[in-house]
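Here are my notes on the model, jotted down point by point. Have the structure open while you read.

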Amino acid sequence: MFAKAKIDAEKLNPDSTFFKETLVPTQVDSKLLFLLDNLGKLPAGFNGEVFIPLFSHPNPKIRRLAVKNVGKLKNECFLEKLKTFACNEEDSLTRREAISAIGRMRSEKAIPILTQFLTDTDPKVILQGLRALLYLKGYPGVEEALSILRDHPNEMIREHFEYEKTTKNLNVAEQNHPKSLDALKNIIICADVQETFPVIPDESVHLTFTSPPYYNARDYTIFQSYKAYLDFLTDVFKETHRITKEGRFFVLNTSPVIVPRISRAHSSKRYAIPYDMHPRLTDMGWEFIDDIIWIKPEYAAKNRNGGFFQHRKPLCYKANSVTESVMVYRKKTSKLIDWNLRQYDDETVEASKILGEYEKSNAWAINPATDKEHPAVFPTELASRVIQFRNK
Ligand SMILES: C[S@@+](CC[C@H](N)C(=O)[O-])C[C@H]1O[C@@H](n2cnc3c(N)ncnc32)[C@H](O)[C@@H]1O
């Protein structure tokens, strides 16, 4: 193998024939990969022609690195070669690297080439072309070329447009979170949630963490049907969306439930509440962020194994449910989390930092809480983690 110091020295020597002799398609793959991966920044005047024979190498990683190094040179003379390469390349990642290399030239001549990739079948290739064209926005024809993507079936491509539109049209004042009512700070309202919503202004809440009733599995709230239950939650979470500030979080704790059978001639029925609610939530404008699994100790689960344990008959296995879902959503926005953090002064952000040990995985092992009066209380630890991680 070559030493990095040797590569650096040869790179800076304009008379060196080292790369011409070593970057050849007959070279062993490992040496080629090492060399191409360790070239780093290339000096002006570096002979990029040495990479061209590798454009047809059978190993896509080598082709990709060869193209990447050509891209570093930002030299228009490689435009046609990169175009031909990108048009014929089958590996999506490598094709994207070629488009990125074309984009890095920031050349007006690249516009028709980049435009051509906006009709690619791979959305990631289109996004690469789109990103490159956005740098050339000032040139004639670019806006028009991009407009064909406005109603593209791929959601990420459409969101890119939305982002462009909103960041362009907003003035600084509009970019701040609206203020919250002082009257709503540090209070507990004991009331029917639907009666409370009308007094809560739009965009006034930073975080909602809720554990709604488990359909009719427990007796404290009874719904006429599962549909009526899902519709009730949908109405509540639409209002929650309205009162939530842009880009802030909504955390929903639910789990599939079993409604017991009415007689031995019937089966019990299991309802997949988290899965049934998820599409309704994304439809109303909540963006899915995380699926935390709350894991309880085995003793906390209802034993459903009695029959199977005795008879071991296939088809009869039932798992004891020791988990609940803690689904994390963000009010959909084109703005990044950093924008939400910038709403606060440095001192406030500093004081909210989560220091020390913390759970790194999405499996949160937390003991359930019990209460003499309520059959389904939140463990404080669960609420505390959600509030720490998802609030400033
Ligand atoms: C699964 S429990 C969750 C309790 C929660 N984890 C806690 O520790 O306070 C569901 C709760 O929702 C409450 N609830 C049901 N319908 C409601 C409504 N329309 N408005 C407000 N609360 C409601 C029930 O009384 C119950 O306390």
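1. Let's start at helix H17, residues 380-390, where the buried residues are Leu-382, Arg-385 and Val-386. Look down the axis of H17 and these buried residues fall within an arc of 95°, so they line one face of the helix. Turn to the face pointing away from that buried side and you find Thr-380, Ser-384 and Gln-388, which are exposed. As for what covers the buried residues of H17, the list includes S1, strand S2 (244-254), S5 and strand S7 (363-365).

2. Before going further, a word on confidence: this is a predicted model. The mean pLDDT of the protein chain is 90, and 96% of its residues reach 70 or more. Confidence is highest in helix H13 (residues 273-283), at a mean of 98, and lowest in helix H10 (residues 155-169), at 73. Where pLDDT is low, the predicted coordinates should not be read in detail.

3. On the overall layout, the protein chain is divided into domain 1, covering 4-169, and domain 2, covering 182-390. How far apart are the C-alpha centres of domain 1 and domain 2? They lie 45 Å apart.

4. Helix H5, residues 79-88, is worth a look too. Here Leu-82, Phe-85 and Ala-86 are buried. They cover an arc of only 95° around the axis, which is why they sit on the same side of H5. On the other side of H5, the exposed residues are Glu-80, Thr-84, Cys-87 and Asn-88. And which helices do the buried residues of H5 pack against? The partners are helix H4 (60-73) and helix H6 (92-104).

5. Now the ligand. It is surrounded by 12 residues, and the closest are Val-193, Ser-211, Ala-376, Val-377 and Phe-378. By type, the shell around the ligand divides into eight nonpolar residues, three polar and one charged.

6. Please also check Lys-296, in the loop between strand S5 (286-295) and helix H14 (306-311). Is Lys-296 buried or partly exposed? Lys-296 has 17 other C-beta atoms within 10 Å, so it counts as partly exposed. Leaving out residues up to four places away in sequence, Lys-296 touches Ala-301, Val-322, Asn-367 and Pro-368. Cys-316 is 20 residues from Lys-296 along the chain, and their C-alpha atoms are separated by 24 Å.

7. Glu-203 is found in the loop between helix H11 (193-196) and strand S1 (205-210). It has 16 C-beta neighbours inside 10 Å, so Glu-203 counts as partly exposed.

8. The other angle belongs to Leu-315, again not a glycine, with a positive phi of about 75°. Where is Leu-315 found? Leu-315 is in the loop between H14 and strand S6 (323-331). With 5 other C-beta atoms within 10 Å, Leu-315 is exposed.

Methods:
Residues are numbered from 1 along each chain as its sequence is written. This is a predicted model: local features need pLDDT of at least 70, side-chain atom pairs count only at pLDDT 80 or more; totals for chains, interfaces and linings use all residues. A residue is near a molecule or strand if its C-beta atom, placed from the backbone, lies within 6 Å of it. Ala, Val, Leu, Ile, Met, Phe, Trp, Tyr, Cys and Pro count as nonpolar, Asp, Glu, Lys and Arg as charged, and the others, Gly among them, as polar. Domain bounds come from an automatic or database domain assignment. A residue is buried if 20 or more other C-beta atoms lie within 10 Å of its own, exposed if 12 or fewer, and partly exposed in between; C-beta atoms are placed from the backbone. Helices (H or I, at least four residues) and strands (E, at least two) are DSSP runs, numbered from the N terminus. The arc is that of the directions from the helix axis to the C-beta atoms. Two residues are in contact if their C-beta atoms, placed from the backbone, lie within 7 Å. pLDDT is the predictor's confidence in each residue, from 0 to 100.
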